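Subject: Structure for you to look over

Hello,

Here is the structure I promised. Please open it alongside these notes.

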Amino acid sequence: MAKNNYIISLENIDTTYQGDKIPVINNINLKIEYGEFVSIIGSNGAGKTTLLETINGLLTYSKGLGLIFNKEIMENKYEIRKKIGYVIQNFDIDSNAPFLCKDVVMSGKTGKIGSFRFYSKEDWDNIWYSMSLVGMIDFANRPIGKLSGGEFQKILISRALAQKPDLLLLDEPLSNLDFSSRKQIEKLLNRLNKKDHITILMVSHDLSFIPSGCKRIIVMHKGKIISDGNKNEIINSKFIENFFKNEMK
Ligand SMILES: Nc1ncnc2c1ncn2[C@@H]1O[C@H](COP(=O)(O)OP(=O)(O)O)[C@@H](O)[C@H]1O
Ligand SMILES: [Mg+2]
């Protein structure tokens with residue numbers, strides 16, 4: 001098996017949903033180095049979420065070879081997932097949910113959510129670590145359903161940080177946020193990448209939602225990667241501009 005030093009290495013990957021004949025993502029070739037901050041953009045249905053779920057082994061790829069942390073994904077999916085923080089798309093919560101922020105954050109580590117749980121010193125260390133990274137330590141004992149959109153997104157990111165991941169996968173974390181919350185999350189992601197050395201792969205459907213720390217953009221369309229390169233080159237590319245103009249029609 002070809003080995004390498006990339007954090008993500010996908011070669012000719014297809015992923016097909018059960019019962020489908022045609023792969024939803026098709027011949028994906030993607031190599032990401034440790035420490036990069038990369039955004040994937042593309043319109044709805046392009047295959048962005050499918051790609052993230054193929055990377056963390058929630059979906060099984062049907063062709064090609066996928067290595068994460070230099071390990072084949074499906075053979076090592078439980079081990080791999082321990083080092084991946086995943087923030088899913090459109091996570092809704094009942095405004096009366098009986099959980100406090102600390103319960104939600106700890107569920108990122110334990111996989112389970114429970115209120116009135118007894119937290120050990122180690123758990124508290126973890127809650128403090130994860131919540132202080134997103135600047136939300138004062139929210140530990142607040143009900144999760146009462147937060148603003150931006151605060152809630154920070155708690156979801158904090159939850160993903162509870163397992164001290166090397167790789168953070170974020171699915172449209174900036175959608176549904178007002179301008180000032182979006183700027184706060186962008187700053188937070190820049191810092192997690194630069195200061196805490198977490199590799200970030202972030203999905204967005206909007207070319208204008210790209211944090212300054214992100215230097216590379218991948219464009220997906222109909223299950224394929226159609227462009228991959230330096231952020232400024234992609235943003236200034238006439239091809240991409242025309243492509244998105246046509247997409248929006
Ligand atoms: N669980 C599923 N079963 C079958 N098809 C799916 C499933 N999830 C997504 N799809 C299809 O796969 C394609 C890509 O979806 P998705 O990866 O969610 O795109 P994006 O995140 O870019 O909006 C869409 O055509 C969608 O309908
Ligand atoms: Mg999606």
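**What I found**

N70 is buried, with a relative accessible area of 19% (buried means under 20% relative accessible area, exposed over 50%, partly exposed in between, with a 1.4 Å probe and protein chains only). N70 sits in the loop between β4 (63-68) and β5 (71-72). Helices (H or I, at least four residues) and strands (E, at least two) are DSSP runs, numbered from the N terminus. Although N70 is not a glycine, its phi is positive, about 70°.

This is a predicted model: local features need pLDDT of at least 70, side-chain atom pairs count only at pLDDT 80 or more, and totals for chains, interfaces and linings use all residues. Residues are numbered from 1 along each chain as its sequence is written, chains are lettered from A and ligands numbered from 1 in the order in which they are written, and side-chain values use heavy atoms, with hydrogens and water left out.

N27 also has a positive phi, about 50°, and is not a glycine. N27 belongs to strand β2 (residues 25-32). Its relative accessibility is 37%, so N27 counts as partly exposed.

**The sheet**

Six strands form an open sheet in the order β6-β7-β8-β3-β9-β10, with mixed pairing (two strands pair if DSSP finds at least two bridges between them). β6 and β10 stand at the edges with a single partner strand each, so one side of each has no neighbour in the sheet. On average, neighbouring strands are turned by 15° against each other, direction ignored. Axes are lines fitted to C-alpha atoms, for helices over the stretch in contact, and angles run from 0 to 180 degrees between N-to-C directions.

How many residues of strand β9 (residues 216-221) are buried? Six of the six, so β9 is largely enclosed by the rest of the structure. R216, I218 and M220 are buried on one side, and I217, V219 and H221 on the other.

β9 runs parallel to strand β3 (residues 37-41), joined by four bridges. There, I41 has V219 as its bridge partner. With strand β10 (residues 224-230), β9 pairs in the antiparallel sense over six bridges. M220 stands opposite I225, and I218 is bridged to D228. The hairpin of β9 and β10 has two residues between the strands, and K222 takes a positive phi near 45° there.

**Helices**

α5 lies across β6 and β7 (167-171), at about 155° to β6. Helix α6 (residues 179-194) packs on the sheet and touches β3, β7 and β8 (199-204). Its direction makes about 150° with that of β8. Contact means heavy atoms within 4.5 Å.

α3 and helix α5 (residues 149-161) pack at about 40°, with axes 6 Å apart. C101, V104, V105, S107 and G108 of α3 meet I155, S158 and R159 of α5.

**The metal site**

Which residues coordinate the magnesium ion (ligand 2)? T49 (OG1) and Q89 (OE1) do, at 2.0 to 2.4 Å. T49 lies in helix α1 (residues 48-55) and Q89 in the loop between β6 (84-87) and α3 (101-110), so the pair ties together parts that are 40 residues apart in sequence. Donors are N, O and S atoms within 2.8 Å of the metal (3.2 Å for Na, K and Ca); water is not among the atoms, so sites may look incomplete. T49 is partly exposed at 26% relative accessibility. Q89 is partly exposed too, at 27%.

Best wishes
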